[in-house]
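Me: Could you walk me through a protein model, step by step? I am new to this and would like to learn by asking.

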Amino acid sequence: MSAVTTSEVGHDQVAAAAELTEATRRLMLAAATTDLDPDEVRAAGRAMDALTRTLSARSRPRALRAPFDGPADARAGGPDSPWRSFAYNPQAFPLEMHFDGRSARARTTANSLYEGPPGLVHGGFTAHLLDSLLGTLTQSLGLRAVTATLDLRYLAPTPLDVPLDLHARVVDTTGRRTRAEGWIEHDGVRTVEAHGLFIDITGRTR
Ligand SMILES: CCCCCCCCCC(=O)SCCNC(=O)CCNC(=O)[C@H](O)C(C)(C)COP(=O)(O)OP(=O)(O)OC[C@H]1O[C@@H](n2cnc3c(N)ncnc32)[C@H](O)[C@@H]1OP(=O)(O)O
């Protein structure tokens, strides 16, 4: 089976995969928002299919992913050492996270690919962002835990195309249970908050 974690492949291959992922995101946004004529749109689609055939000549069974201890390594580097989530998977919403003690923060901007209500971020994507931030924060603390519950409160609309600040902190850990909370804010206004329960799965084989 081909390697699926970045620790198993060469540094340059990892860098190339990250560049391709960013290029794919730019392509997805351009495809979603293009206003070219139909013939030009179809020609672009054929060019993309040709590229798909090129890339598919040799595939991994899964998208390339970072090793489990990547966030903990970033955390050890301090708040100025960022962790980039979903650097190799264009489908997911990436975040550049900074860990500080039992807290994490990130700043991002959601573009049209993440639209729900007109001009606003889809609630599923804000849930994705908060689950990522809370889950990766617990992972950065060395906990091998998965989300058991994620309670969300959508307090105000979350706008597209403006900076969003995300915050998270671990509340407590008792036995296998870790509680974490987080929120998204724009311009000082909290738009979504989340409370999550993460259960340690150490020892589980899958
Ligand atoms: C490998 C780690 C990589 C980390 C990546 C970062 C995470 C990214 C965030 C995610 O997207 S994770 C993916 C989404 N989550 C899942 O797929 C989890 C699916 N659910 C499960 O696998 C199991 O249901 C779970 C591990 C959560 C619990 O199953 P167990 O059989 O291990 O739990 P068990 O029934 O023994 O209960 C353990 C404790 O958790 C509590 N618990 C379990 N599920 C609960 C729940 N849903 N609500 C409240 N409490 C819950 C339970 O009461 C108990 O508490 P106590 O220890 O105090 O007795």
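This is a predicted model: local features need pLDDT of at least 70, side-chain atom pairs count only at pLDDT 80 or more; totals for chains, interfaces and linings use all residues.

Me: How many residues does domain 1 bring to the contact with domain 2?
Reply: Two residues are in contact if their C-beta atoms, placed from the backbone, lie within 7 Å. Domain 2 gives seven residues, and the number from domain 1 is nine.

Me: Over how many bridges do β6 and β7 pair?
Reply: Strands are DSSP runs (E, at least two residues), numbered from the N terminus, and two of them pair if DSSP finds at least two bridges between them. Strand β6 spans residues 177–186, and its R179 stands opposite L197 in β7. The pairing is antiparallel, and the number of bridges is ten.

Me: Which residue in the turn between β6 and β7 has a positive phi?
Reply: The two strands form a hairpin with two residues between them. The phi is about 55°, and the residue is D187.

Me: Which helix and strands each supply at least two residues of the shell around the ligand?
Reply: The ligand is surrounded by 15 residues (C-beta atom, placed from the backbone, within 6 Å). Among the closest are G135 and V146. A helix here is a DSSP run (H or I, at least four residues). The elements asked for are α4 (123–140), β4 and β7.

Notes:
Residues are numbered from 1 along each chain as its sequence is written.
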